[in-house]
Structure formats: C-alpha cells, structure tokens
Amino acid sequence: MSRRTILIALVTALALTLTATPAFGIRLGPEEPHSPNADAIESTYWVMIVIVFALIIAVNAALIAAIVRFRHRRGREAARFAAGRGALLPAIAGFAVLAIAIFVFGVIETVNVRDVEPSGSDGLNANQTAQVGVSGLPATSALEDTESAEGGEPISGSEPSESAPLAIDAIAQQWLWRFEYPGGQPGQRTFSYGELVVPVDTTVVLNVSAIDVVHTWWVPALGGQVQAVPGEVTQTWFKADEVGRYSGRSTVFSGTSFPAMRSWVRVVSVPEYRQYVEQLQRDLTNAQDIISQAQQEEQGSP
Amino acid sequence: MTPPPTIAPARPEIVTRRIKPPRQAWLERATSADHKLVGLLYVGTSLTFLALALTEFVLMRVQLIAPENTLLKPEIFDRLMSAAPVTFVVLSCIPLLIGLMVYVVPLQLGARGVALPRLNQLAYWLYAAGAVTIYASFLYTVPETGTAALPPLSNLTFSPSNGADAWIAGTALVTLGFVCFAINMIVTIRNLRAPGIAWRRMPVFAFSSAVISWLMVVIGPIMIAALTMLEIDRRFDGIFFEPGEGGAPVLYQHLSYIFLTGAYLTVFIGAAGAISEILPTFARKPLFSRGAALACLAVVAVLGTLAWMQNMYTAPLNSGWTIAAMAVALALVLPIGLLIYNWIATIWGGTLQLRAASWYALLAISTMACGLAGELGYSVIPVGWALDYTTASQGDTLYVLVGGGVMGGFAGLHYWFPKMSGRLLGEGLGKAALVLMTIGVHLYVIPMFLAGLEGQPVDTWQFYEDTGTDGYNLVASIGAFVLAVGILLQLTNAARSWNHGLPARGHDPWGGATLEWFALSPPPPHNFDAVPDVRSGEPLYDIRESIARRERSFEAPAARALAAPPEPAEPTAAVISEAGETADTGRREASEQGPGGTPGDGDDGEERPVA
C-alpha cells in the first residue's frame with residue numbers, strides 16, 4: 001500500500017467515526033443552548049474544537065511521517081543539518097498569526113456572551129416586579145461595585161425601566177441553592193430552594209453568592225459557569241427561549257455531598273410564573289402566620 | 001614506657017588519626033551527599049509514589065465505574081481525591097524529573113559534584129519528610145479538602161480534622177524541598193560548568209533544569225506563603241482567606257494557581273528538556289535549532305506562569321484580568337509550537353533508531369500535544385466558562401502530566417539508566433508498557449472529555465444515571481486500569497533491570513553527544529578524571545569526528561605533514577558543531593582548514609583527553 005492510500009484510509013476512518021457518533025448518542029459539543037449567551041459559548045466551542053483537532057492531527061501526522069520516512073535503516077546516513085538564520089521565521093509567523101486570530105475571536109465572543117440582551121416580546125414586563133432587595137446580601141449599591149465573571153459591567157436591576165431585567169438572587173450553601181425572587185416585603189423575600197422558576201423569553205440576571213464554601217452556578221443550556229464565593233456577588237444572566245426544565249450542577253468540590261449540589265431551572269410562561277410567585281408568597285405568609293401563632297402560644301403559656 | 005614498635009612503611013604514606021570503618025551500603029546511600037546517590041533516592045522515592053498515586057486513581061475509578069455507586073464511602077473517596085493529585089504531581093512527576101536532573105546535570109556540565117551538596121541532600125529529605133507527613137495522616141485523620149484545599153472549605157469550620165493540617169504542612173515541606181533543590185541547581189549551573197560550556201552550548205536538559213529552578217524559586221515561596229496563611233487561618237484565628245472579616249477566599253485561588261500552573265509547567269519543561277536530549281542522540285542529528293529550543297523553554301516558563309488566571313475564568317475577577325490572562329495563555333502557542341516543530345525537524349533527515357527511549361520520547365510528544373492543544377481551547381474565555389472544572393479539562397491536564405511526567409520521565413529513565421546502573425532498562429517490556437500506557441491514557445481521556453461535555457464535574461464521588469454518562473465512565477475506568485497496568489509493568493521492569501538488566505555496551509551505549517557519556521557507568525564519586533575541552537553543544541560528537549578524521553588521514557601521514565592540501569572540511573559538520581553560534585562559524589571554519597590553526601582552538605586540542 002502506498003503512503004497516500006494509508007493516509008486516505010486514515011482520514012476516511014476518522015471522518016466516518018466522527019459522523020457516526022450521533023448515531024450512538026454521543027454528543028461532540030456542549031448541551032443544546034437555550035439562551036443567547038449559551039449560543040455564543042457553543043459557537044466559540046465549535047470553532048476552537050476544530051482548531052484543536054487540526055493541531056492535534058497535524059502534530060501527530062508530522063510525527064508519524066517523520067518516523068516512517070526517517071527511521072533507522074542500514075546504510076543510511078543522517079543529514080546533519082541545523083536551522084540556518086531565519087529558518088524558523090515562517091513557523092514563528094504562522095504561530096503568531098494563529099495566536100492573534102484566536103485572541104481577537106476570543107475577545108469578540110467573550111463580549112458576545114457578556115452582553116445582556118433585553119427581554120423579548122413574550123417576556124415578563126420586568127418593570128412591574130424588578131426590585132433588588134436587601135436580604136442577607138450586599139445592598140444594591142454594593143452590587144453595582146461588584147465585578148461579575150460573566151456580566152462584564154455590573155448589571156443593576158434596581159433602576160426601573162422598560163427593559164429592566166428580572167434580578168434574582170441565587171445563594172449557594174452546602175448542598176442546596178436558595179433562590180430569592182424580587183417583590184415581597186423588605187426582609188421577607190419570596191424564596192424557594194433547589195429549583196429556580198423563571199418566565200420564558202425574559203432576561204434574568206442572577207446575583208450569585210454563597211454563605212459557606214465556594215460553589216459554582218452552572219446550567220449548561222443557559223450559559224457558562226460562575227463561582228459563588230462567600231463574601232462576593234458575581235453576576236450572570238440568561239434569557240431562556242423555550243419552556244422546559246434544565247439541569248445544572250456545581251463543579252467546585254464543596255465537601256462530602258458534593259455530587260448532590262445540583263440545580264434545576266424550570267422555564268414557564270409569564271402567567272405561570274406570576275402564579276408561581278404569588279403561590280410562593282401565600283405559602284410563605286401562611287407559614288409565617290403559623291410560626292408567629294405558635295410563638296404567641298408559647299409566650300402565652302407559662 | 002617504651003613506644004610500641006613501628007614498622008616502617010615500604011613507601012611514604014599519609015595516615016589520618018583514625019580511618020573510618022566502611023559503612024553499610026544502604027547507610028552510605030542514604031546519608032551520602034553525592035549528587036548521584038541523592039538523585040537515585042529521588043528517582044526511587046518518586047517511582048514508589050507513582051505506584052501509590054496509581055493505586056488511589058484506580059480505586060477512584062472503581063468507585064466511578066457505575067452510576068450512583070456506593071462501593072466506597074464518600075469520605076473515603078474524598079480522602080483519595082485529596083491525596084491522589086498531590087501524590088501524582090508533587091510527589092512523583094516533579095521529583096522523578098528532579099531526580100534525573102540531580103543525577104545527570106552535573107555530569108552534563110562536566111562538574112565533579114554539585115555546588116551545595118548538603119543543601120541538595122536537605123532538599124531530598126524535605127521532600128521525603130513532606131511526603132511522610134501527608135501519608136502519616138492516613139494513620140489518624142485523613143484530609144478531605146480536595147485537590148488544592150480551597151478555603152473556606154479548608155477552614156477549621158468545614159474541615160475540623162487534623163488531616164488538613166497534615167496536608168498543608170506536608171505540601172509546604174515538599175515545596176520547600178523544591179526551592180532548596182532549585183537554589184543548589186542554580187548555583188551549580190552558574191559556577192561549575194566545565195571550561196567552554198557557555199550558556200548557549202549547554203545541554204538542553206541542563207538548561208531546562210536551570211529554567212525550572214528559577215521557576216521554583218519564584219513559585220515555591222508563593223505556595224509556601226499561601227499554605228502558611230491558610231494554616232494561620234486554621235489554627236491561629238487568622239483572617240487572610242476569611243470572608244466577611246476582610247479576607248478573600250479568591251486570594252488563595254490566585255496564590256495556589258500560580259504554584260499549580262508552575263508545577264504543571266515544570267513537568268512540561270523537564271520532559272521537554274529530556275526529549276531534546278533523546279531525539280538528537282537517536283536521530284544521529286543535532287537539534288534543529290538549539291537556540292530556539294533554549295529560548296522557548298525560558299519563554300514557556302515565564303508566559304505560562306503569568307497565565308495562571310487562565311484557570312480562574314469562572315472566579316469573580318475583573319474582566320480586564322481575564323482577557324489579559326487569555327492573551328498570555330494564547331501567546332504560549334508560539335514557544336510550545338516552536339518546540340514541537342523543532343523536535344519534528346530534528347527527526348527530519350536523520351536516521352531515527354527506534355529504541356524504547358526514543359519511543360517514549362515520541363509518544364510523550366504526541367500525548368502532550370493532545371493536552372496542550374486542548375489547553376489552547378480552554379484558554380478562550382467562553383470555552384473555559386463551559387468546560388473548566390469538568391472532567392474534560394481534567395483529562396486534558398492528565399494528557400500533559402502523563403505525557404510529560406510519566407512518558408517523558410520514563411524516556412529520560414530509559415536514556416540515562418545505563419549511566420546510572422551500567423545496565424539497560426528492559427527494552428521489550430518497556431515498549432509493551434508504553435503501548436498499554438498510550439492505549440490507556442486515550443481510553444481514559446476521550447470518554448472523560450465527552451462526559452465533561454455532558455457536564456460531569458471533577459472530584460465528584462458519584463454521578464447520576466440521568467446525566468447519560470455511565471457508558472463514558474465505564475470506558476474511562478477501563479482506560480484507567482489499562483494505564484495503571486502499563487505504568488506498573490514499567491515500574492516492575494525498572495526494578496528488575498536495576499540488578500538483572502542486560503549490561504550496557506560500554507559507557508556510551510547510545511552514542512550520545514553530551515559530557516555525561518564521557519564518564520564511566522556508573523560514574524565514580526568524583527565523576528571525571530579529566531574533562532574534555534568543549535567547543536560546541538556536542539563535545540563528544542566533536543571528539544568522535546576528529547578521531548574519524550585522523551583515521552581517514554592516517555594513510556598518508558607524509559602528505560599531511562606537508563600541510564599542502566587542506567583537508568576538505570565537511571561543511572555540514574562545521575555547521576553542526578556551531579549550531580546556534582553563527583557568529584563563531586567563520587573563525588571555526590578557518591581553524592578547521594588544517595592543523596595550522598590557532599593553538600588550542602584546532603583539532604589537536606580536542607584529542608588530548610582521549611589519548
């Protein structure tokens with residue numbers, strides 16, 4: 001077999017393997033994105049994976065070619081040459097162009113991921129509900145100073161405007177997420193555990209923090225990872241384009257039950273969301289009433 | 001009282017007050033400050049810890065072989081997970097390379113020892129003490145704080161056991177040992193080079209040891225400081241990393257990542273140094289561009305360490321810093337790409353002998369290239385947001401650590417084993433082990449990459465069935481077992497060959513070009529009786545060439561004495577011996593025109609040590 005035949009066979013085999021992977025349920029890219037920032041992450045990933053595979057194949061092909069052509073044979077003399085002046089310049093130029101191109105592309109995509117889009121037409125009119133309250137978290141003014149991992153410029157939900165995003169606090173603890181929704185009375189935020197419920201087509205800004213150790217907020221379909229670090233507030237955003245339930249998990253080791261540190265985002269229609277928050281508020285008020293009743297009874301009884 | 005009768009010696013002799021009785025061999029080996037014996041201690045200890053790290057790795061993969069497995073308790077898994085990475089990187093990969101350097105580099109420099117032998121010895125014992133401190137905690141309470149012991153998880157509140165203290169103290173001791181090694185190595189390289197070994201003529205492995213020594217002097221104290229601050233936080237109510245009291249947990253991430261990134265680069269640079277020695281020897285050709293190789297190693301160390309924030313894209317950082325980190329990380333394409341280009345160009349046109357050492361070096365390049373190309377992908381911020389801390393990025397790091405630390409380390413061991421023991425490291429078994437390692441590492445990393453795309457985080461004790469990663473984890477576990485079998489096979493091979501390997505042919509079985517092959521195998525305590533003059537990066541090649549030239553011209557001594565026709569100097573040889581020293585080429589060629597060259601700069605001088 002000639003060298004060319006072997007090469008063609010290898011390339012075909014590789015191409016066939018890659019094309020056959022979906023048939024076996026193997027995904028070569030990230031989870032299907034359902035938010036503009038996850039879209040940008042996915043497109044960056046695909047460009048980079050092509051470059052990475054091209055580089056890996058190039059290095060290995062060159063190595064194989066060098067081994068096959070220049071392995072030791074009886075009677076062969078090594079051509080003892082070394083690089084002359086400027087022999088490496090083409091390689092240097094090539095690598096420099098590659099690095100600069102990837103850098104420019106990376107900056108553009110980073111900005112793409114960070115740019116917060118306004119809510120869509122089907123989304124919640126955030127004006128009615130968006131309020132960033134103070135509840136165990138830094139005040140709004142502090143939020144404005146915090147640098148965000150994914151948000152670039154701090155996003156403030158405190159200024160009511162037509163397109164103000166829905167700001168939700170996501171607070172991590174060992175091994176549970178607590179979500180505090182806007183609205184409700186001061187000091188009595190509406191909250192839920194484990195599952196975040198958000199309206200579809202609405203820009204949601206998450207103020208991510210932690211109360212004990214470092215965790216990560218990450219729902220792959222809705223964007224990248226952000227660390228939840230105690231004492232800091234990091235921000236991320238997403239705008240879910242489809243109703244559904246998306247799962248995510250923390251990626252930073254946080255102790256014995258680390259595998260259980262998962263999270264879910266349920267995306268519902270706007271009316272359903274309103275209903276959900278109202279129901280939560282009612283439940284919380286009822287619970288508060290029961291508690292205060294019990295406390296009163298306890299105080300009343302000797 | 002009459003003095004005891006003395007017998008007059010037959011010949012003059014100097015008698016000390018008391019002659020030390022010879023000590024037992026093992027005691028001599030353990031307490032001698034000879035760099036060769038210290039180097040052997042390093043190599044032996046690091047290979048022991050490699051076996052230990054593998055055991056832990058295999059146990060973890062047994063736990064992750066099926067979804068929601070409960071074979072190991074989470075506490076046990078977390079202990080393995082806290083011990084295995086530090087064992088693999090800090091207790092085995094780096095010390096294996098350091099051990100080879102401590103043994104080989106003084107020989108390569110034509111030195112009779114190291115500059116600070118006691119410091120060198122202290123460095124080894126600090127490493128050993130640190131390792132014992134970490135593993136002694138298995139007798140009482142084991143650390144459960146994860147790979148890098150990030151606070152607040154490693155605070156007293158969340159990790160009340162003494163195991164975390166042992167982990168901190170042990171890691172700090174080992175790091176201190178690395179710093180001591182580095183100081184000795186820098187002083188040795190600066191002061192004890194044989195005449196003629198300019199920096200640009202230094203063997204690449206010796207240069208790489210200088211680079212990692214400078215790197216260790218910079219990053220080692222940072223890690224020791226971070227660990228000290230963490231310990232102050234734990235036991236003395238410190239607030240360095242205490243959120244809400246003015247401390248910042250992110251600060252520890254910065255400090256520890258500077259060290260971890262540097263440690264990763266140390267493995268890469270050490271392996272690159274060994275590969276750059278092995279390929280030219282077996283391809284019978286000088287390194288394509290020695291100058292570029294030396295420069296690339298230094299640039300990798302500087303840029304790579306500056307890019308530590310490349311690992312922290314998900315942390316709360318100012319966006320400008322992450323972009324700067326991305327720029328530095330992407331700039332690494334240049335030196336790393338040039339190094340690989342240089343290696344391939346070195347083989348090109350040569351006649352590559354495919355011995356076990358060269359196979360290990362070649363597959364080290366191939367495996368590391370997979371990991372380094374992947375690292376390029378993660379350097380782009382959005383990809384980092386998607387894949388950092390997943391098994392995808394972990395597999396990528398493993399490519400470089402297995403490729404550099406294990407394959408590169410074993411390549412060096414295969415290459416210098418005859419020098420250390422006078423015997424060859426078993427070739428057949430070595431190649432078989434390499435096949436298993438290569439299959440194993442790909443069989444482990446590729447499914448782990450796919451599982452990472454599904455979102456499987458690192459360090460997890462369990463994964464759930466609904467994540468659809470059970471097939472990947474099964475295959476990855478099998479890959480891990482194959483990898484472990486391969487490495488264990490090679491460890492057995494090394495242990496067996498030490499006393500029972502085939503005797504090496506002469507003191508220079510490979511036809512090496514650097515000075516360590518001029519010494520006996522194993523070298524005497526003082527290394528060299530005489531050191532040849534060094535006029536290029538390949539002194540032994542020059543000697544062989546000049547002998548060959550003499551033999552060729554021997555048939556007509558009369559004609560040569562007349563010095564009428566200058567011997568046709570092979571242009572290639574002239575270029576080679578001065579590779580990277582274009583400025584000298586003219587003078588050199590002039591002196592090669594015949595025996596009438598400048599005294600001490602011609603052919604005659606080179607033959608003196610041989611005669």
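Predicted model: local features only at pLDDT ≥ 70, side-chain atom pairs only at ≥ 80, totals over all residues.
Where chain A and chain B meet, the contact draws 75 residues from chain A and 78 residues from chain B. On the side of chain A that touches chain B, at least two residues each are supplied by α2 (36–70), α3 (89–114) and β7 (226–228) of chain A, and the element that gives the most to this side is α2(A), with 16 residues.

Within chain B, the domain assignment gives domain 1, which covers 33–500, and domain 2, which covers 532–607. The centres of domain 1 of chain B and domain 2 of chain B, taken over C-alpha atoms, are separated by 43 Å, and the contact between these domains takes ten residues from domain 1 and ten residues from domain 2. On the side of domain 1 of chain B that touches domain 2 of chain B, there are four nonpolar, three polar and three charged residues.

Also in chain B, helix α2 (residues 35–63) and helix α3 (residues 74–108) have axes that come within 7 Å and cross at roughly 155°. Because angles over 145 degrees count as roughly antiparallel, α2(B) and α3(B) are described as roughly antiparallel to each other, and their crossing is left-handed. The contact of α2(B) with α3(B) is made up of 26 nonpolar, eight polar and two charged residues.

Definitions and conventions
Residues numbered from 1 in each chain as written. Chains lettered and ligands numbered in written order. Domains from an automatic or database assignment. Contact = placed C-beta atoms within 7 Å. Nonpolar A, V, L, I, M, F, W, Y, C, P; charged D, E, K, R; others polar. Axes fitted to C-alpha atoms, helices over the stretch in contact; angles between N-to-C directions. Helix = DSSP H or I, 4+ residues; strand = E, 2+ residues; numbered from the N terminus. Parallel < 35°, antiparallel > 145°, perpendicular 65-115°, else oblique. Left-handed = near helix turned anticlockwise from the far one by under 90°.
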